[in-house]
Amino acid sequence: MRIFTYLFLLGITISISAQQKGKQTLAQLEESPAGSKIIWFFDAVKSGGISAESIEKHFSPKLVEKMGSDKLMSAFDNIKMNDGTLIMYQADRKKITEYKLIVKGTKSNEWMEMNFYFEDNPPYRIAGFTIDTIEGSFDSFEPMYPKSN
């Protein structure tokens, strides 16, 4: 009975944390299947490119079919060329399959809002993303990721 109670409470705790919305810490991003793909995305931009294998592993088949691997790979090159490394300042989880980020490009020095959309089911591959320049300054925010350029 004691084991059952513990497992039941553990299940409730996991369920509550899985549904947690709002501002995310770096640790929360790294621990969640979708959030870890955001970290991968930032690392891939920083390194300057991705492979066709990475495309298949991290992006949903529907998105790959719609855009094509070459276009997705060139998107990383374009971000790196125009914006440089992306620095994440804020991550906001709207729902398990949607995140909104505030980022700044080291090269462009522009503030941007990124939205990531993920598959509804595991492995929660990236189903889409947007990047839009935004007005204002978020210099009072602390960089979340990466910590150093």
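A search of the whole structure, which is a predicted model, finds 13 aromatic pairs. Here rings of Phe, Tyr and Trp (its six-membered ring) pair if their centres lie within 6.5 Å, with planes under 30 degrees apart counting as stacked, over 60 as edge-to-face and the rest as tilted. Take F59 and F129: their ring centres are 6.3 Å apart and their planes stand at 50°, so this pair is tilted. It joins distant parts of the chain, since F59 sits in the loop between α4 (52-58) and α5 (61-67) while F129 belongs to strand β5 (residues 126-133), 70 residues away. Helices (H or I, at least four residues) and strands (E, at least two) are DSSP runs, numbered from the N terminus.

F59 is buried, with a relative accessible area of 1%; buried means under 20%, exposed over 50% and partly exposed in between (1.4 Å probe, protein chains only). Both rings belong to one aromatic cluster, formed by W40, F41, F59, F76, Y99, F116, F118 and F129.

Now follow F129 into the strands. F116 stands opposite F129 in β5, and β4 and β5 pair in the antiparallel sense over seven bridges; two strands pair if DSSP finds at least two bridges between them. Strand β4 (residues 111-118) is mostly covered, with six of its eight residues buried. Strand β3 (residues 98-105) also pairs with β4 in the antiparallel sense, over seven bridges, and V103 faces M112 in β4. β3 and β4 form a hairpin with five residues between them, where N109 in the turn has a positive phi of about 60°.

Residues are numbered from 1 along each chain as its sequence is written, and side-chain values use heavy atoms, leaving out hydrogens and water. Local features need pLDDT of at least 70 and side-chain atom pairs count only at pLDDT 80 or more, while totals for chains, interfaces and linings use all residues.
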